[in-house]
Amino acid sequence: MRIIPISLPTPFYIGPVNVYLIAVDPITIIDTGPKTKDAINALRDGLRAAGFRSSDLRRIVLTHAHEDHCGLARSLRDEAKDAEVFVHEWETGHRVGRLEYAEHRQLLVRAGVPDDEIEGMRRMYEGVRMYADSFDDHEYNPLWDNAELEFATGTLRIVHTPGHTPGSCSFVREADRTIIAGDCVLKRVTPNPVLSADPLDSSKRFPSLAEYLVSLARLRSFAPTLVHGGHGDAVHDYEELFHRYVRAISERQSQVIGLLSNQGASAWEISRVMFPQTDDVHRFLAVSEAVAHLDLAHSEGKIALELAGEREIYRPN
Ligand SMILES: [Zn+2]
Ligand SMILES: [Zn+2]
């Protein structure tokens, strides 16, 4: 069972995205790249170099529903008649556009993001959404944790690895402990736990960083020899990366707790101190990061959280 990485250009700051061709029946692609001419051309070239065409694809499997990973899913499905699309059910919010929902706006209000900034974020995401088609509920098959994707030779185990997004999934080839991990594992950067509503109760926030730590430990339990991430080079030493991530998360947590004065602060205020230079595009990711670390510290009993009107204020214990 050959796993063939194909790198595709994206218009995003993160740079090229990796998609993975599983070159055995049923021919499967894991992630698709964004909906741009450059990406579809690069994908066609990559498939051709491996001896395939897009019409040979039978399964389109998504690690998660960010535009750089899922953007071409619909076009590819239409080109490869009868190809099935698979994504975890918890990606629903992302699948149909992130900031459109009142619930998402509510998350930003609670985090203390001012109205004009929320409006700026909404406009920005309308721009980003052009790079993906949305899917209706009946147009995809759910990925189930611990189930297997079967191939003529071998299987990939589906492992639900929430954190970066609620429905992020990884795929494990147990025969040689190779993992395709999407944005759960990136060689050069610690993945951002993106602010999301809880898929099971949209009035709550998804505990992204706590979930992410569990996901990292779960991948570690497979003792991976090779991890293919969504961007950048493959990771050969997962153990080193695991410890580096855990250390970075705990250092960032200490920094965040240290920034709280006695009168308290919202996640937005903390994000502006942590990342003063951030431009518009990255303010949403910055506030996501602040919320994630503050929530984790709060769930560990290290700081207090209270409501001031519609905003949540974190305070030292
Ligand atoms: Zn992503
Ligand atoms: Zn990505």
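## Basis

Is His-69 buried or exposed? At 0% relative accessibility, His-69 counts as buried; buried means under 20% relative accessible area, exposed over 50%, and partly exposed in between, with a 1.4 Å probe and protein chains only.

This is a predicted model, where local features need pLDDT of at least 70, side-chain atom pairs count only at pLDDT 80 or more, and totals for chains, interfaces and linings use all residues. Residues are numbered from 1 along each chain as its sequence is written, chains are lettered from A and ligands numbered from 1 in the order written, and side-chain values use heavy atoms, without hydrogens or water.

## Zinc site

Four residues coordinate the zinc ion (ligand 2): Asp-68 (OD), His-69 (NE2), Asp-183 (OD) and His-231 (NE2), at 2.1 to 2.6 Å. Donors are N, O and S atoms within 2.8 Å of the metal (3.2 Å for Na, K and Ca); water is not among the atoms, so sites may look incomplete. Along the chain, the donors follow the spacing D-H-x113-D-x47-H.

The donor angles run from 84 to 153°, which makes the arrangement around the zinc ion (ligand 2) irregular. Four donors count as tetrahedral if all angles lie between 85 and 135 degrees; four count as square planar and six as octahedral if opposite donors are over 155 degrees apart and all others between 65 and 115; anything else is irregular.

The zinc ion (ligand 2) lies 3.5 Å from the zinc ion (ligand 1), and Asp-183 coordinates both. His-69 sits in helix H2, while Asp-183 is in the loop between strand S10 (178-182) and strand S11 (197-198), 114 residues apart. Helices (H or I, at least four residues) and strands (E, at least two) are DSSP runs, numbered from the N terminus. Asp-183 is buried too, at 5% relative accessibility.

## Pocket lining

The lining of the largest pocket has 21 nonpolar, eight polar and six charged residues. Here Ala, Val, Leu, Ile, Met, Phe, Trp, Tyr, Cys and Pro count as nonpolar, Asp, Glu, Lys and Arg as charged, and the others, Gly among them, as polar. H10 gives the largest share of the lining, six residues.

## Cysteines

The whole structure has zero disulfides, a disulfide being a pair of cysteine sulfur atoms within 2.5 Å. For Cys-70, the nearest cysteine sulfur is that of Cys-169, 14 Å away. Cys-70 counts as buried at 7% relative accessibility.
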